[in-house]
Amino acid sequence: MLQLSRTLLRSRYWHRGRWVSTWTPLATAFNSPPARRLNFTRDDVGLFCMPELRGFEGFYLLRDNAESRTQELISEAISDQRRRKMVDIFDELSDTLCKVADLAEFVRIAHPQSKYTQAAEQACISICGVVESLNTHKPIYQALSHVVQHGDKLPTSEVDRHVARLFLFDFEQCGIHLPEEERLRVVRLNDYILQLGQKFMSGAVQPSVLPRHHVPEAIRNYFPTSGDNVIITGLCTNAANVQVREAAYRLYLQPSDSQENLLRDLLLCRHELARSCGFETYAHRALNGSTMERPEIVHEFIDELSEKLRPRAEADFAKMTQMKRRECGRADAMVEVWDTPYFTTQMRRQSLEEQTNEFLPYFSLGGCMEGLDNLLRALYGVRLENTEMEPGESWHNDIYKLAVVHEREGLLGYIYCDFFERTGKPNQDCHFTIKGGKRLPDGTYQLPVVVVMLGLAQPRWSGPTLLSPARVDNLFHEMGHAMHSMLARTEHQHVTGTRCSTDFAEVPSVLMEYFASDPRVLRTFARHFQTHEPISEDMLRRLCASKHLFAASETQLQVFYSALDQEYHGAGAQKDGSSTETLRSVQSRFYGLPYVENTAWQLRFSHLVGYGAKYYAYLVSKTIASWIWQTYFEANPFNRQAGEKYRSEILAHGGAVPSRKLVANFLQREMTPSVLADSLIAEIDADELKIKDLISRS
C-alpha cells in the first residue's frame, strides 16, 4: 500500500476530464519521509561533512584548532610586519570562532544524542572563554582602534572601514576602552544582566497556582487542579466561555513581587551599563548601528503610526464589541483585552466561512517546497535540489539537504531542513547559520551552510505532512532567512546574510510572507495532496483575506509593545515606581483597550530579555518589507528584474552596508518615520477594502 501511494505521487493520471500533472521530484521527496539507507561500503563523513565530527570527540579537536589559530591571528594583528588588512585578520578571527561556536550551539540544541550535546556544550563554553579573553586583550584592541581612527597602512574600501568599525564597537561594548576599574564594573554588570535575564525568563513561564476558592465555581473545571489548588498555565484566548477568558487573563497575569524585582533590577543594570559605556540610555546603546539609528527616530515612528492607527483600530474594536453583544445577548457588553484573539477567530469562521482545517489538504509539505522552488526560480534564477546525504552527515534520519543552485553562478550553498518534531527537539521555528559565506584569499567563495528548523508533524504512511496557512507562512519566513544567507555575496563573514542589524534582519523573511499570502503565488502550488485539484478561487480569496482581519488593532498592539519596551529602556529606567505604573501609562496612550486592574502583563513579556530596546524591530521590519512589496512586487510577484535588483542591492550585502542606506538607495526615498508609517497604513487600508468586498459577496 505504501509503495503504491508513492507511485501515484509520481504518476500522471486522468481526473474529471483533464490531465493533472504530477508533483516535481522536489515535492515528491518532501511528501515522503527521508529514505533511510543502509551503509555497507562508504565511510562516515562526519556531521555536516566535517571529518573531525565522525565522533563527538571531534568537538575537542575543533576547539583546540580554533584556539591555536586565534593565537596566530592575534600575533599577526599586533605585528609590525602585518601584510594583510586589519579587517581581513579580524574577519578570519571571527570566522574561525564562529565556525565552532555556531556549529556547537546548534548541535547542543538539536542533536538527539547526549554525548554530542555535552561535547558541543563544552566547545561553546571554551569558545566563550576565548572571546572573553579577546575582550580584555588591550594590544589587539589598540591595533584595531588605531586603524579605525587613522586608517590602515593597506588600501581599504568603504565596506572594509564599516566592518572594522563594527568590530571596534563589539570590543567597546565590553568596556575594553575604559579604565580598568570601570571595565571590571562593565564585566560584572554584563554577568549580572545575564543572570537576571535567565531568572526573569524562567519566572515568565511559570504557571499561576491559586487556591480553588479564588476561581469561580462555574469555571473551575476548565483548568487543571492539584489538590486544593487550581493551576493556570496560560491565557485561554480561544475559549468560547467569556468567563474563562477573563479569569485566565486576570489570574495568569497577577502581579508578582519576585518578577517585578527582577525586571526593575534588569532595567536599572542595563541603564548603568549603557551609561558606563558612554550612552545616554540603554536604548541608545541597543540602537547604535541599527536601521533606525536612534531612539528618537523610533519614538517619532511610533507616534506617527499610532496617530494614524487610532481611528482604524477603534473601528476594529467596535466590530468586536458588536460581535460580543450578539453572542452574549447583553447590549452593554464591551470588548476587552482577553477577547480580541477569540473574535478574530470567530470573524474568520462567520464572515469568511472558514472551516477548521479546510485548507490543510491543499498545502502538503512537498507542494509548499515546490512553490518555494517556483518562486526562487522566477525571481533569482535559483533552484532547490534535494541532495542525498553521505553517511554520518546528518544528526537524525529525517533531515533533508537542499543544494541551492544558481543558473549561472552554480552552487550557492546548502540548507539542511530539520522540519519534523521529535522528543527533545526545541519546539520553535528558527534559522541557524552553521557557516557564513565570505570571499576567500584565492578569489573563491566560502559557501554558506544553514539549518532551517520547524516543528511539523511527522508524515504518515497514508499521506504527507499537511501545513496550516500559519505553518505555510512560517515555512516561507524561515526560508527567507535561509535565502538571505544563500544569496549574500559579501567579502566578510562577519556581515554576511542575516548578520546585520536586528531591525533589518527580519525584512527578507517578512517579505517572503507577502509572497506566501499572494493568490498568484499560491495558485502555483496549492493543490490537493490526493487529487491534485487546485485550490478553488473562493477558498483562495478567503484564505488571503483571513490573514488581514483586524490588522489595524493587531498593529496597534505591536505599537503598544514597542512603545513600552522603549519606555522601559529609556531615560525613565532609573526612576522610582513600579513597571506596572509605566505599563498603565503607555497603554493609555498607545492602545485602544484599557489596562486591567491588578494585572501585570509585562512580567510575562519574555521578549524584554532577548529584544531589550529592540522589540520595535518587528514593526519596522514589517513596514520596510511592506514598502518593498508595494514598490517592486505587488504588481507582479514573479518579476525577475525586480528580484535581481532586490538581490544585488539588498540581499547580496548582508550587513556590509548600513541598512538605512541600503533601504534608502533601493527605494529611492529617504526612510523617514512619516514615510514608513504611511506605507503600513496604505497596506492596512487596501487589505480592509478587500475584506469588505469579500464579505459583501458572501
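The buried residues of helix α17 are V507, P508, S509, V510, L511, M512, Y514, F515 and A516. Buried means under 20% relative accessible area, with a 1.4 Å probe and protein chains only. Helices here are DSSP runs of H or I, at least four residues long, numbered from the N terminus.

This is a predicted model, in which local features need pLDDT of at least 70, side-chain atom pairs count only at pLDDT 80 or more, and totals for chains, interfaces and linings use all residues. Residues are numbered from 1 along each chain as its sequence is written, and side-chain values use heavy atoms, without hydrogens or water.

Next, a single residue. F359 sits in the loop between α13 (340–350) and α14 (365–380). Its relative accessibility is 2%, so F359 counts as buried. Beyond its neighbours within four places in sequence, F359 is in contact (heavy atoms within 4.5 Å) with E354, P469, I535, M539, R542 and L543.

Now a helix pair. Helix α20 (residues 551–568) packs against helix α21 (residues 579–590) at about 140 degrees, with the axes 9 Å apart. Axes are lines fitted to C-alpha atoms, for helices over the stretch in contact, and angles run from 0 to 180 degrees between N-to-C directions. α20 and α21 are therefore oblique to each other. Residues of α20, including F560 and L564, meet residues of α21, including L583 and V586.

Terms used
Buried means under 20% relative accessible area, exposed over 50%, partly exposed in between (1.4 Å probe, protein chains only). Helices (H or I, at least four residues) and strands (E, at least two) are DSSP runs, numbered from the N terminus. Angles under 35 degrees count as roughly parallel, over 145 as roughly antiparallel, 65 to 115 as roughly perpendicular and the rest as oblique.
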